[in-house]
Amino acid sequence: MNSFESILQTYPPQAPLSELAWEAVVQVAPRKDLGMSPAGERFIIPIVGGQFAGHIEGHSLRGCVLPGGADRQLLRPDGVKELDALYEMQHEDGTVLTIHNRVTIDAPTDGPRYAFSHVKVTAPEGPHAWLNRRVFVGTLHGLPPEQQAVLIRVWRLS
């Protein structure tokens, strides 16, 4: 047995586990066209508010999504959409968390929709600093147009 096979047998694969950390309904303003680029068509969607709530690792997460963030979107020539959202969520205790959510959406007409993200949280020192030391992934669901909002679910990997 070579070294590669020996290493693989010594460290058998273990899939990461996930636990729902929070859910957010993020309110958005109408999409603005930013024009074509060599990488594809560009858009920006202002984030104007919302709410979030969850419970994980003995911590309650609850509060509002602050206005002022934005979701920058790129519609690639192959039909895949890349979203790069940066916004703040204010916990009910006043702490402001910065959320950087990078989403890949593939919605082929002949197959299932794929919409998953990597979510990076930046929290100040204090009771929410543990969020800086975790890996989060998410999903994105568009809500009916009259609601002008999206549903984001975020899971912690362990």
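**Exercise 1. Glu-41 stands opposite which residue in E5?**

Solution. Glu-41 stands opposite Leu-75 in E5. The model is predicted: local features need pLDDT of at least 70 and side-chain atom pairs pLDDT 80 or more, while totals for chains, interfaces and linings use all residues. Residues are numbered from 1 along each chain as its sequence is written, and side-chain values use heavy atoms, with hydrogens and water left out.

**Exercise 2. Determine how E5 is paired and whether it is enclosed or open.**

Solution. 
1. Strands (E, at least two residues) are DSSP runs, numbered from the N terminus. Two strands pair if DSSP finds at least two bridges between them.
2. E3 and E5 run antiparallel and are joined by seven bridges.
3. E5 and E6 also run antiparallel, joined by six bridges; here Ala-70 stands opposite Leu-86 in E6.
4. The hairpin of E5 and E6 has five residues between the strands, and in it Gly-79 takes a positive phi near 90°.
5. Buried means under 20% relative accessible area, exposed over 50%, partly exposed in between (1.4 Å probe, protein chains only). Five of the seven residues of E5 (residues 69-75) are buried, so the strand is largely enclosed by the rest of the structure.

**Exercise 3. Describe the largest nonpolar core.**

Solution. 
1. A nonpolar core is a set of buried Ala, Val, Leu, Ile, Met, Phe, Trp, Tyr and Cys residues joined through side-chain atoms within 4.5 Å.
2. The largest one has 29 residues, of which Trp-22, Tyr-87, Met-89, Ile-99, Val-121 and Phe-136 touch the most other members.
3. Strands supplying at least two residues each include E1 (18-28), E6 (81-91), E7 (96-106) and E8 (114-122). E1 gives the most, with five residues.
4. Contact means heavy atoms within 4.5 Å. Not counting residues up to four places away in sequence, Ile-99 touches Trp-22, Ala-85, Leu-86, Tyr-87, Met-89, Val-119, Lys-120 and Val-121.

Conventions:
Helices (H or I, at least four residues) and strands (E, at least two) are DSSP runs, numbered from the N terminus.
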